[in-house]
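Subject: Structure handover and findings

Dear colleague,

Please find below the structure that I am handing over to you. My findings follow directly after it.

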Amino acid sequence: MLEWMHDPEINQFFQFDAQKMTEEKAEAFIRKACIQAEEKESFHFAIADEKDEYLGTISIKNIDWKTKSAEYAVSLRKVAQGRHIAAWATWEVLDYAFETLFLNRVYLNVLPENSRAIRFYERLGFIYEGEFKECIYIRGKYRNLRWYRLLKKEYRRTVGKYNFEGER
């Protein structure tokens, strides 16, 4: 995890200062993630290849059971990027969110300048809902956030349309 957290190309779009992440803090995150999973607040999954090499993390977090909604996030090591791993993992975690947890809405937010991520989310079927102006303070300045969503009924229409070669 520290590899991608400390990579400036990857962490430039994070909403937290990943450069300050230490091994102890990463271990604390993992322990907290186990507790959150037991309490059904958030689910953070490691993405691994067939050799069990860690490639990244994907999450369904901040679950609101009253509204049946949760936030989605994904981050990969450089070695895993461009191999459709994030798309595969996203469909797996969305299936878990909608078909196992019975959520109705999964949402995400992204910095507007993260055009690669935005293209990815839109290709997967996430729908743009709007942009909050200067709603977050990152690295000494206020930044905008773009918000996207996917409803269970929208997910069902898009399942299987993404062929993992970049086409829907």
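Y155 counts as buried because its relative accessibility is 4%, where buried means under 20% relative accessible area, exposed over 50% and partly exposed in between, with a 1.4 Å probe and protein chains only. F98 is also buried, at a relative accessible area of 0%. Please note that this is a predicted model, in which local features need pLDDT of at least 70, side-chain atom pairs count only at pLDDT 80 or more, and totals for chains, interfaces and linings use all residues. Residues are numbered from 1 along each chain as its sequence is written, and side-chain values use heavy atoms, with hydrogens and water left out.

Aromatic pairs

The count comes to 13 aromatic pairs; rings of Phe, Tyr and Trp (its six-membered ring) pair if their centres lie within 6.5 Å, and planes under 30 degrees apart count as stacked, over 60 as edge-to-face and the rest as tilted. One of these pairs joins F98 and Y155, whose ring centres are 4.9 Å apart with planes at 35 degrees, so the pair is tilted. This pair links distant parts of the chain, since F98 lies in helix 4 (residues 85–100) and Y155 in helix 6 (residues 152–158), 57 residues apart. Helices (H or I, at least four residues) and strands (E, at least two) are DSSP runs, numbered from the N terminus.

The rings of Y137 and Y142 have centres 4.8 Å apart and planes at 65 degrees, so they form an edge-to-face pair. Both Y137 and Y142 are exposed. Ring pairs also link Y72, F120, Y121 and F126 into a cluster.

Helix 5

Helix 5 (residues 115–123) has A117, I118, F120 and Y121 as buried residues. They lie on the same side of helix 5 because they cover an arc of only 160 degrees around the axis, the arc being that of the directions from the helix axis to the C-beta atoms. The buried residues of helix 5 pack against strand 3 (69–76), helix 4, strand 4 (105–110) and strand 6 (141–151). Just after helix 5, G125 takes a positive phi of about 105 degrees.

The chain as a whole

The protein chain has six helices and six strands. Of its 168 residues, 43% are buried. Among its contacts (heavy atoms within 4.5 Å) with a separation of 6 or more, 55% are between residues 24 or more positions apart.

Yours sincerely
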